[in-house]
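Trainee: I am new to this structure. Please take me through one part of it closely.

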Amino acid sequence: MNFVKKCLAEEGLEFKTLADNRAEMHLHVRYPPTPNGHLFNVVIPKNRSLVIVGSVTRVDVAQQREMTSHSEAESVAWEEWLHEARIGLIRGGFDWTLHLGHSGENSGPLQAFNISRPIWFDGLSQHCFLDTLRTIWLSKLALIHEIRFN
C-alpha cells in the first residue's frame with residue numbers, strides 16, 4: 001500500500017484515500033496531473049495479492065443522441081463499430097465494460113465505459129504501475145476520440 005502511494009507522490013500525482021470496507025486501500029487518483037486529468041480508482045481488494053487500476057468514463061448526452069441516430073440509420077455499421085471497440089480493448093489486455101442503452105433490437109448508445117487492469121504484487125514495480133495508469137488513460141482517449149469523430 002505504501003509503495004503505491006510513494007509512486008504516486010514521487011510523480012506528483014494527487015490522490016485521495018476513500019473508505020471502502022471491501023478494500024485494504026482505495027484511492028482516487030488524478031492522471032495526468034493537470035486540471036483536465038481523468039479520475040482513476042486504484043484499489044487493493046481485501047484478501048487479494050493485486051492492485052486494480054481502473055477508470056470509468058461517462059459519455060455525454062449529445063454524443064449518446066448522435067449514437068442513437070447512427071445506430072437507427074446504420075445498424076450494421078453501428079454494431080461493427082461496437083465490435084471493433086470491444087476488440088481494441090481486448091487486444092489492449094484490459095478488463096472492460098461497455099454500458100449500452102437499448103433501442104429496440106439494436107444496441108443503443110454507449111452511455112459509459114470502464115477500463116481496468118490488475119497488477120499482481122509479484123509483478124508490481126513503479127514502472128508497471130505508472131505505465132498501467134498511462135496506458136489506460138491513452139486507451140480512454142482513443143475511445144473518446146472514436147466516439148467524437150466516427
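Which side-chain oxygen reaches to the backbone nitrogen of Ala62 at the start of H2?

Mentor: The model is a predicted one. At the start of H2, the oxygen belongs to the side chain of Asp60. It comes to within 3.1 Å of the backbone nitrogen of Ala62.

Now follow the helix itself. H2 covers residues 61-73, which makes 13 residues. From first C-alpha to last, H2 reaches 18 Å. That is close to the 18 Å expected at 1.5 Å a residue.

Next, look at what is covered. Gln63, Gln64, Met67 and Ser71 are buried in H2. Seen down the axis of H2, the buried residues fall within an arc of 100°, so they line one face of the helix. An α-helix has 3.6 residues a turn, so residues three or four places apart point the same way.

Turn to the other side of H2. There, Val61, Arg65, Glu72 and Ala73 are exposed.

Trp78 and Trp81 are both buried.

The structure holds three aromatic pairs. In one of them, the ring centres of Tyr31 and Phe40 are 6.2 Å apart and the planes stand at 85°, so this pair is edge-to-face. Trp78 and Trp81 form a stacked pair, with 5.4 Å centre to centre and 10° between the planes.

Note on methods:
Residues numbered from 1 in each chain as written. Predicted model: local features only at pLDDT ≥ 70, side-chain atom pairs only at ≥ 80, totals over all residues. Heavy atoms only, no water. Helix = DSSP H or I, 4+ residues; strand = E, 2+ residues; numbered from the N terminus. Expected span 1.5 Å × (residues − 1). Buried < 20%, exposed > 50% of the residue type's maximum accessible area, 1.4 Å probe, protein only. Arc of directions from axis to C-beta. Polar contact = N/O pair within 3.5 Å; in protein donor to acceptor, adjacent residues only side chain to side chain. Phe/Tyr/Trp six-rings, centres within 6.5 Å; stacked < 30°, edge-to-face > 60°.
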